[in-house]
Structures are given as structure tokens and as C-alpha cells.
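Colleague: I would like to go through this model and ask what stands behind the words used for it. Please set each value against its cut-off where one is needed.

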Amino acid sequence: MLNIGDQKLGSRLFLGTGKFSSTRAMIDAVKASGTELVTVALRRFNREQAEDDLYGPLSELKNVRLMPNTSGAMNAKEAIRAALLGRELSKSPFVKLEIHPNPHHLLPDPIETYEAAIELVKQEFLVLPYIPADPVLAKRLEDIGCAAVMPLGAAIGTGKGLSTAEMIRIIIRDANVPVVVDAGLRSPSEAACALEMGCDAVLVNSAIAAAENPAAMGAAFKTGVEAGRMAYNAGLMPTSEVAVASSPLTRFLSTSD
């Protein structure tokens with residue numbers, strides 16, 4: 001069981017809901033993944049236009065909670081406004097704080113993110129900030145009351161996996177809140193690696209939405225996340241710089257008797 005603030009989640013796989021070819025494909029992938037937390041951009045709450053509305057179909061799924069995100073916000077002020085609107089529409093205690101003003105690289109703005117997080121924590125959100133893999137920033141966000149931190153594995157949509165693995169290891173070592181890898185993952189094996197490292201969860205969108213069969217890929221990520229967590233709990237063997245025989249060396253091969 002994963003605890004984020006006072007909320008308990010049975011799945012360590014979170015899903016984004018963008019880039020799917022259709023709402024039906026997205027819903028099928030959500031079901032197959034077993035996720036209990038999906039993030040939705042504010043612009044996808046549109047009850048007046050059914051083709052643009054994800055809130056209605058998602059809210060009908062049992063055991064799935066919504067986490068509005070502030071994607072599209074260019075600064076702290078816009079992100080706070082988006083978070084408040086998202087809470088009013090969804091009634092969710094969660095917000096994924098996401099501020100990436102540069103469309104060329106979509107990297108999160110650490111200063112605006114920190115300033116917005118201070119205000120959103122005051123307003124009793126469970127804040128999950130999407131951040132660079134920066135151990136100093138992660139600790140500062142934990143200290144002001146964020147419920148989790150979400151360092152990127154690689155830039156959004158690149159599929160370059162855990163490019164920031166060494167920095168994420170430091171964040172995990174020092175964190176007292178859940179660490180959720182967000183962005184960059186391409187394959188279930190990378191999700192397994194993240195969980196083996198000690199990440200508490202992963203958030204995946206493009207890798208599932210852009211797969212040839214999103215529902216099948218959602219199921220594959222479910223298995224990868226579960227395997228990674230099981231391996232982490234089982235305890236990985238230590239690494240060695242030299243070869244170590246797996247069987248005791250016998251003496252009879254070197255004796256003439």
C-alpha cells in the first residue's frame with residue numbers, strides 16, 4: 001500500500017491521460033493498468049463538449065481517483081489558479097503541480113514550482129510537484145509540506161528512460177516522502193528499474209498512449225511495476241568489481257591423484 005498524505009493507493013502506477021487516440025482507448029488502458037490515480041489536464045474537464053471531456057468517463061471508473069494537473073501554466077500564479085479550478089471541478093485533494101514555460105524542452109521551472117507549492121500547501125492540497133531531478137529542490141519541497149516529489153527520468157515524451165538515475169538515487173536516499181518518477185519512461189522494464197531503485201511509484205503517459213496497443217501496454221507496465229517493487233522488497237544482491245564464482249571451487253580438478 002502506498003500512502004500519499006492521508007490517501008492510500010493499492011497501485012504504484014499512475015497514468016497520464018493525454019495523447020490517446022480516443023477516449024475509449026484511454027479508458028481501456030486505465031482499466032488494464034490497474035492504476036488507482038490518473039492525472040487530467042484542466043482543459044479536459046469539459047462537460048459541455050463530450051468529445052473533449054475526460055472527467056465524465058474517468059469519474060465513472062471504480063477505484064480510480066483523479067489528480068488534476070496544471071499543465072499549460074507558465075508561472076506560479078497561473079498554476080495556482082489552475083489548481084483551484086481543478087479542485088472545484090474534481091473535488092480531488094491531489095494536484096500535480098506542473099510548470100514548464102519553454103515549449104522547446106518542456107523542462108519544469110524550479111523557481112515558479114517552488115513558489116506555487118508554498119501557496120498550494122497552505123491551501124491544503126496534496127501537492128505532487130513535477131521537478132528536475134534536483135536533490136536540493138526535492139528536499140526543499142518536502143520541507144514545505146509537499147506530499148511527494150516527482151523528478152523526471154528524462155524530458156517529457158522523449159522515451160529516454162532513466163537518464164537522471166544517479167540524481168534520483170540521491171533524492172530517494174534523502175527523501176521522507178514518496179518519490180515518483182515522472183516523464184521519460186518508454187518501457188515496462190524501465191518502470192521495473194525505477195521501482196527496484198527504491199522509487200515509490202512511476203507516472204506514465206506517452207509510453208502507453210503511443211503504443212500500438214495501449215491497453216496491452218498498460219497491462220505490461222502494471223506487471224513491470226509490480227515486479228520492480230517485489231524485487232526491491234526482496235533485496236537485490238550487491239554488485240562486485242571482480243568475478244565471484246557461484247559454486248565453491250573444487251580441488252580434484254587440480255590434483256593428480
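Colleague: Which residues lie nearest the centre of the largest pocket, and how many residues line it?

Modeller: The lining of the largest pocket has 33 residues, and Gly18, Lys19, Ile156, Asn205 and Ser206 lie nearest the centre. Keep in mind that this is a predicted model. The space in the largest pocket comes to about 700 Å³.

Colleague: What makes a residue part of that lining?

Modeller: A lining residue has an atom within 4 Å of a point of the pocket. Strand S4 (37-41), strand S10 (201-204) and helix H8 (206-209) each supply at least two such residues to the largest pocket. S4 gives the most, with three residues.

Colleague: How does the lining of the largest pocket divide by class?

Modeller: It has 13 nonpolar, 13 polar and seven charged residues. Glycine counts as polar here, so Gly18, one of the residues nearest the centre, belongs to the polar class.

Colleague: What is the volume of the second largest pocket, and which element gives the largest share of its lining?

Modeller: The volume of the second largest pocket is about 160 Å³. Helix H9 (residues 214-234) gives the largest share of its lining, four residues. The lining has 13 residues, and Gly10, Ser11, Arg12, Val225 and Glu226 lie nearest the centre. By class there are five nonpolar, four polar and four charged residues.

Colleague: Why is a space called a cavity and not a pocket?

Modeller: A space is called a cavity because a 1.4 Å probe fits there but cannot get out, whereas a pocket is open. In this model there is one cavity of 30 Å³ or more, and the volume of the largest cavity is about 40 Å³.

Colleague: Which residues line the largest cavity?

Modeller: They are Pro135, Ala138, Lys139, Glu142, Val149, Ile171, Asp174 and Ala175. Helix H5 (135-143) and H6 each supply at least two residues of this lining, and H5 gives the most, with four. By class the lining has five nonpolar, no polar and three charged residues.

Colleague: Why is glycine 16 called buried?

Modeller: The relative accessibility of glycine 16 is 3%. The cut-off for buried is under 20%, so glycine 16 counts as buried. Glycine 16 lies in strand S3 (residues 13-16).

Colleague: What does glycine 16 touch, leaving out residues up to four places away in sequence?

Modeller: Glycine 16 touches Thr39, Leu203, Val204 and Asn205. A contact needs heavy atoms within 4.5 Å. As for leucine 37, it is 21 residues from glycine 16 in sequence, and their C-alpha atoms are 9.0 Å apart in space.

Colleague: How do you know that S3 and S10 pair?

Modeller: Pairing takes at least two bridges between the strands. S3 and S10 have three, in the parallel sense, so the two strands count as paired. One of the partners in S10 is valine 204, which bridges to leucine 15.

Colleague: How many bridges join S9 to S10?

Modeller: Three bridges join S9 to S10, and these strands run parallel. In S10, valine 202 is the bridge partner of valine 181.

Colleague: Which residues cover the two faces of S10, and are they buried or exposed?

Modeller: Ala201 and Leu203 lie on one side, Val202 and Val204 on the other, and all are buried.

Colleague: Why is helix H7 (residues 188-197) said to be largely enclosed by the rest of the structure?

Modeller: Seven of the ten residues of H7 are buried, so the helix is largely enclosed. The buried residues are Pro188, Glu190, Ala191, Ala192, Ala194, Leu195 and Met197. They pack against helix H6 (165-174), strand S9 (180-182), S10 and H9. Just after H7, glycine 198 takes a positive phi of about 120°.

Colleague: What makes the unit of S9, H7 and S10 right-handed?

Modeller: With the strands pointing away from the viewer, a right-handed crossover runs clockwise from the first strand over the helix to the second. S9, H7 and S10 make a β-α-β unit of this right-handed kind.

Colleague: How many helices and strands does the protein have, and what share of its residues is buried?

Modeller: The protein has nine helices and ten strands, and buried residues make up 49% of its 257 residues.

Key:
Residues numbered from 1 in each chain as written. Predicted model: local features only at pLDDT ≥ 70, side-chain atom pairs only at ≥ 80, totals over all residues. Heavy atoms only, no water. Buried < 20%, exposed > 50% of the residue type's maximum accessible area, 1.4 Å probe, protein only. 1 Å grid on protein atoms, 1.4 Å probe; cavity = no way out; pocket = protein on both sides within 12 Å on 5 of 7 lines; lining within 4 Å. Points joined across faces, edges and corners; volume = space filled by probe spheres on them.
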